Amino acid sequence: MNNPGYNYVVVESDQVRNTNWLTMDQFKFFLLDSVDDDKKVAYAASFGIDNIKEGYAQIFKEALKNFKAISVCEDRGRELINSMANMEVPVVLDPTMLLSRKEWFEIIDDVTIGTINEPYVFEYFLGKKTANVRKKTKAMRRKIGKTMEFHNSKGKSRKKFHYGPLEFVKAISNVELVITDSYHAAVFSLMFGVPVIISERNDGNGKMNSRIDTLFKSAGMEKVTLEEFESLEQVEYMKDFDMDKQMVASRKMSQAFLDEAFLNN
């Protein structure tokens, strides 16, 4: 692709390296195989899984050599690239984390999701709920009150399935507690100082928690899983978390990666 209309093509973020979900053609698409080599940049490209399927590794290894700059958003991704291609790449922040809490509040200031005048639990599950998960989330509803099941198009609780990303962020900013298996729900919980309980997700092909593990590690916080959760006191301390202070160095490093990738020709 030789197009003078662009300087770079960036592939980034959500599980663009997940070979459990991607066909070979999709995998090659996200490896930018039709883009000029000096225009290929990978920013915070996520695997979301612990291992790549057999048959994909060699293709991945060869394709990486043609990127101008490469970064990932989880520790396991860095390990995979090192083992497959013998390359050291940086772990940078997910794009959502490059903005401060103040900036996100400004973005969602005019967003409305209906009036909720009481404490509520925000539930967002991408994977299937087990019987134990359903039991524990039900217990949280009894403790706190109402529940917003953002993903639920059929349930009897507040239905928010038709809302978009900004409503998603707005809902988390107002909530008492988040219960989720989603990386980005966890990100925005920490961004807004909202206690969050993590449900471990497995899509049937292996664990998918590497990004969340890296998130809590970089925040210097202990992840509290729904499986081990017993009391709200376990997550109350998260209300005092200041992501902006914690991520100063990581944001500078992530910005430096982008500056180097885009400005150093």
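**Entry 1: strand E2.** I began with alanine 44, which is found in strand E2. I worked from a predicted model. Although alanine 44 is not a glycine, I read a positive phi of about 50°. I noted for comparison that most residues other than glycine have a negative phi. I then looked up accessibility: alanine 44 has a relative accessible area of 0%, under the 20% limit, and therefore counts as buried.

**Entry 2: a loop residue.** I turned to leucine 32, placed in the loop between helix H1 (24–30) and strand E2 (40–45). The phi of leucine 32 is positive, near 55°. Leucine 32 counts as buried, at 8% relative accessibility.

**Entry 3: salt bridges.** How many salt bridges does a search of the whole structure find? I recorded 11. Among them, I examined the one in which the side chains of lysine 223 and glutamate 200 meet, at 3.0 Å from N to O. Lysine 223 sits in the loop between helix H8 (210–219) and helix H9 (243–246), and glutamate 200 in the loop between strand E8 (196–198) and H8, so this pair ties together parts 23 residues apart in sequence.

The side chain of lysine 223 also meets that of aspartate 213 in a salt bridge, at 2.6 Å from N to O. Since aspartate 213 lies in helix H8, this pair joins parts that are 10 residues apart in sequence. I found lysine 223 buried, at 18%, whereas glutamate 200 is partly exposed at 32% and aspartate 213 partly exposed at 37%.

**Entry 4: further pairs.** I noted a salt bridge between lysine 239 and glutamate 236, with the closest N and O atoms 3.3 Å apart. Lysine 239 is partly exposed at 42% relative accessibility, and glutamate 236 is partly exposed at 35%. Lastly, I recorded a network of salt bridges linking Asp75, Arg78 and Lys217.

How values were computed: Residues are numbered from 1 along each chain as its sequence is written. This is a predicted model: local features need pLDDT of at least 70, side-chain atom pairs count only at pLDDT 80 or more; totals for chains, interfaces and linings use all residues. Side-chain values use heavy atoms; hydrogens and water are left out. Helices (H or I, at least four residues) and strands (E, at least two) are DSSP runs, numbered from the N terminus. Buried means under 20% relative accessible area, exposed over 50%, partly exposed in between (1.4 Å probe, protein chains only). A salt bridge is a side-chain nitrogen of Lys or Arg within 4 Å of a carboxyl oxygen of Asp or Glu.
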